[in-house]
Structure formats: C-alpha cells, structure tokens
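Subject: Structure handover

Hello,

The structure you asked to look over is below. My notes on what was found in it follow.

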There are 2 protein chains.
Amino acid sequence: MLHISIVGTGNVGFHLAQAIAACPDLKLTEIVGRNTDLGGFPTKISDDFERLPETDLVLIAVADHAITSVIEQIPSTFSGTVAHTAASVSMNALKRFKNHGVFYPLQTFSKNKALSWKNLPVFLEANSLQARTQLETLALSLQTQIQYADSEKRLKMHVAAVFGCNFVNALFACAEEILDNENVPFDTLKPLIYETVEKAFSLSPQKAQTGPALRNDQPTLQKHVHALTNQELRTVYEKLTELIQNQHGIV
Amino acid sequence: MLHISIVGTGNVGFHLAQAIAACPDLKLTEIVGRNTDLGGFPTKISDDFERLPETDLVLIAVADHAITSVIEQIPSTFSGTVAHTAASVSMNALKRFKNHGVFYPLQTFSKNKALSWKNLPVFLEANSLQARTQLETLALSLQTQIQYADSEKRLKMHVAAVFGCNFVNALFACAEEILDNENVPFDTLKPLIYETVEKAFSLSPQKAQTGPALRNDQPTLQKHVHALTNQELRTVYEKLTELIQNQHGIV
C-alpha cells in the first residue's frame, strides 16, 4: 500500500487529502500545513515534516511561489518520491531528490465544493521508474484518467484551462452583473449555459458558435455596446466580438 | 387549440417548428420560409402567406434585419397575434398589427443539435390580452419557464446571454486551439468545464473564481503570456486577466 504525505492545506491539498483518505488502496500518512484545522479531518496535521520517513510519496500542493521553500525543508536524502501538483512549475525544481515527479490534475478546486476524481485527466511527469510507478498508482487508485506531459506541455494545458475555466467563469460574473441590474437571478442562464457546454463538446466550439458577432449583425452589436453602462464590460464585449469575427474569418 | 404559423426556417424557426409540431396542445398550420426542405418535416413549407387566415398566432423567427420586410408581407388586417422571437428588436416594430408581442427564448439554437424546451426561460411581451394569452398558451404548452420583459429589459437579457454563451464558446475555441497544438483532444477539458459551470451555479461566479489572475501570481501570468504564440490569444489573455483582477479588487 502506497503511503502518502501531503504538504499544503489549500484547495488542491484539501481535495487530495480527502480523496486519498477515502481510498482503501492508499494510506494518508501526514498532512503538513499552516492550516491545522481541516474540519475534523482524521489525519494528523502538523507544521513540520516529522513523519516523512514513513512515507513513500510526498505531494507538494502549495502555491507556486512557496514550492521552493517547502523543497528546502525536505532532507535531500529522502528516498521516497517527491512530487508537486503545480501546472506552471518545472519538474526540475525538484531535482535535488533522487525520485521526483509531477501530478497535475486538470481541475478547478474550491474547498466548499465537493468533486469527483473519477475520469479526471491527470498529467504525470517523472524522472525515474519508481517515481512514475508511484504516481501511476496514485492516479489509478483515484480512478483518474492518466496522461503524460513534460513541463512545457503541462504549461500549455494550464493556459488552455485558464481559458476554459478561469476566463469562462469571469464571463459568467459579467453576465451575473448584467442580470443583477435587472433583478433577474443568474440561475436563469442555466439552460443556456449547459446547452452551450453540451454543444461545444458535441459539435466542437468552432461549429457551435452562434450570436450577433458571428452573423456580423452590426445593429445588434451596436445596441449591445450602447446598453452596457460599465465601461470595462463594454471593452470586453468589443474585444471578444473581434475574437469571434477573427476565429470565423469575418471582416 | 392554438393554431400557429412560423415564418423563418433558420435555427430558431426550425426548433420552434419541431417543438410545436410535437406538442399535442398546439397545431402548426404553416411554415413560411426560403428553405422549403426541413428534412421530411410533415408541415407544409411555402414561400407565401396563403394559410395565414387559418392561424391564431404568427411567429416571426427570421434574422433581425429581415423582420421589417416580413412584417410588410402580412396584411395589417390580420386579426390574430403577430409576434417575433428576436432579443434585440423592439415590440414596437409590430405595431401595425392590432395584437402583437414577443416570444424570446433564452437559448442557443443550432439545427444539428436537439434540445429541450422544458424549463427554458422564455421572455414574453404583449400589447393586448389576446396576444398575452396566446403567447402564454404557447409557452405553457412547451413547458417553458415564463418570464416577462419589456423591450429594454429583453435587450439586457440578450447581452447577458452573449457573455454567458457566445463569448464563453469563443473561449472554448481558444482552449481547443491551444490543445490542438499539443495533440490533446478538446474533450480533455470536459471535467474541468462541467465543474466550472456547476461551481458557478452552486457558489456564484464571484465566489467560484480561481486561477493565477485571482491569486495575482505574476510569474505564472508571465509564463502563460509567453507561452501563447498567437498574438490575439495573448491580448485576450491580458484583457481577461485584467477583468478578473478588477472584478476582485486586485491592484
């Protein structure tokens, strides 16, 4: 049985800890983090690395800028695998450990929202057979969908995820602001947004595009810009209209 | 039983015709449109308005710029209700008819993608009790969720829909382009995108935001911009990063 320690009690660390603790094939040895209260979580949470020798795999799930200082606290003689979960940090940052790798789940994590790891794409990178085998064991035990990516490809995956998730959510917030001003709940967009997502996956985003920008419907585009009183939403509207027209070769 | 004629065989006209023809409480009298082949559709499709006198309600589902010319072809003595389905055209465009209104479904329609009308928000506007009752009958028969909006509010709903659907889909196309370059299928983003949508509705978009822009993670933001070789994607990345930071008061 794979013994795993997690460093970090943020969104990713929290969800990893929950999933590993719930998995009969894995043993969560220790959680190291500043936030020592994870709502009655049964595993010991400490702020040092005392139980590390009992562990096969250390998962560093802290903010990118904190990874270097975490690495310095782990003895370089540690013979297990040390891996991080960061999209945009090179595997090379872990090179002082004999066995190292990356376990990058392509997902958005919030503590107050439960999620499933099943079929979740996880991008692995490893410098040794031991590291690779252990990361694969973790990925398989959580029933994720295993993919492999070097650090450069993983960065591209992260950029794609920012477009498909972070930016999309920011547009939802824009829509919510517009609806709020009319006292219409954001939920009113639920059928439209789910249909948008279903269509993108069933037809492809290129073929699923609709709307006034695609039709180059200038009177409607002008009415919309005029209706937007928030100057920032207006410039986002204009920029993304231009994007759609360029994506579809509309002059 | 409400007898309905539809003018227009585009995406909205096509889906309305399918839903009305399939509904036991409604009778589809005639479809008027240039495209007289809707794949074996049982209702007569013509290019004139010969059966209009038999109809209670005419639904004009053509492109916004074509509405005026359609209106001119319907005799002003027509005593039924004439309604259009356009988000951004004022109800007033139909004022030559005694009974007129608007039936605006907040949805994205593509001919090659089936969809459900059940619980779909439909925004109604009517100038008379007759028009209102008939539009409500249609909306109830299709099991939609009825809302009411004057022309100004409906325009705002459309702008919100452009942000939540058209622009979101354009970002999916950006993500697809980035993944294509790495030979990764767009489907890989499915769990992430569905989770993004679920989180937006369960937490609100404001609370669901994650990512490097929200964390003001400058090294990652710079790596991402650098990784984007397409100049347009780069400017969209920068603009939407700025949007997120303004939405969350990050300097």
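**How the two chains are related**

The contact surface is shared in kind: 100% of the contact residues of chain B recur in chain A, so the same surface serves both copies. Please keep in mind that this is a predicted model.

**Helix α5 of chain B**

Helix α5(B) covers residues 190–203, which makes 14 residues. From its first C-alpha to its last the helix reaches 20 Å, close to the 20 Å expected at 1.5 Å a residue. Its buried residues are L192(B), I193(B), E195(B), T196(B), V197(B), K199(B), A200(B), F201(B) and L203(B). What covers them comes from both chains: it includes α4 and α5 (190–203) of chain A, and α4 (151–181) and α6 (205–208) of chain B. Just after α5(B), S204(B) takes a positive phi of about 95°.

**Helix α8 of chain B**

Which residues of α8(B) are buried? In this helix, residues 218–227 of chain B, they are T220(B), L221(B), H224(B), V225(B) and A227(B). Because they cover an arc of only 165° around the axis, they lie on the same side of α8(B). Q222(B) and H226(B), on the other side of the helix, are exposed. The cover over the buried residues of α8(B) includes α4 (151–180) of chain A, along with α7 (212–215) and α9 (231–247) of chain B.

**A serine in chain A**

S141(A) is part of helix α3 of chain A, which runs over residues 129–141. Is this serine buried or exposed? S141(A) counts as buried because its relative accessibility is 16%, and the cut-off for buried is under 20%. Its side chain reaches the backbone oxygen of T137(A) at 2.6 Å. Leaving aside residues up to four places away in sequence, S141(A) touches C23(A), D25(A) and L26(A).

Regards

Key: Residues numbered from 1 in each chain as written. Chains lettered and ligands numbered in written order. Predicted model: local features only at pLDDT ≥ 70, side-chain atom pairs only at ≥ 80, totals over all residues. Heavy atoms only, no water. Buried < 20%, exposed > 50% of the residue type's maximum accessible area, 1.4 Å probe, protein only. Helix = DSSP H or I, 4+ residues; strand = E, 2+ residues; numbered from the N terminus. Arc of directions from axis to C-beta. Contact = heavy atoms within 4.5 Å. Expected span 1.5 Å × (residues − 1). Polar contact = N/O pair within 3.5 Å; in protein donor to acceptor, adjacent residues only side chain to side chain.
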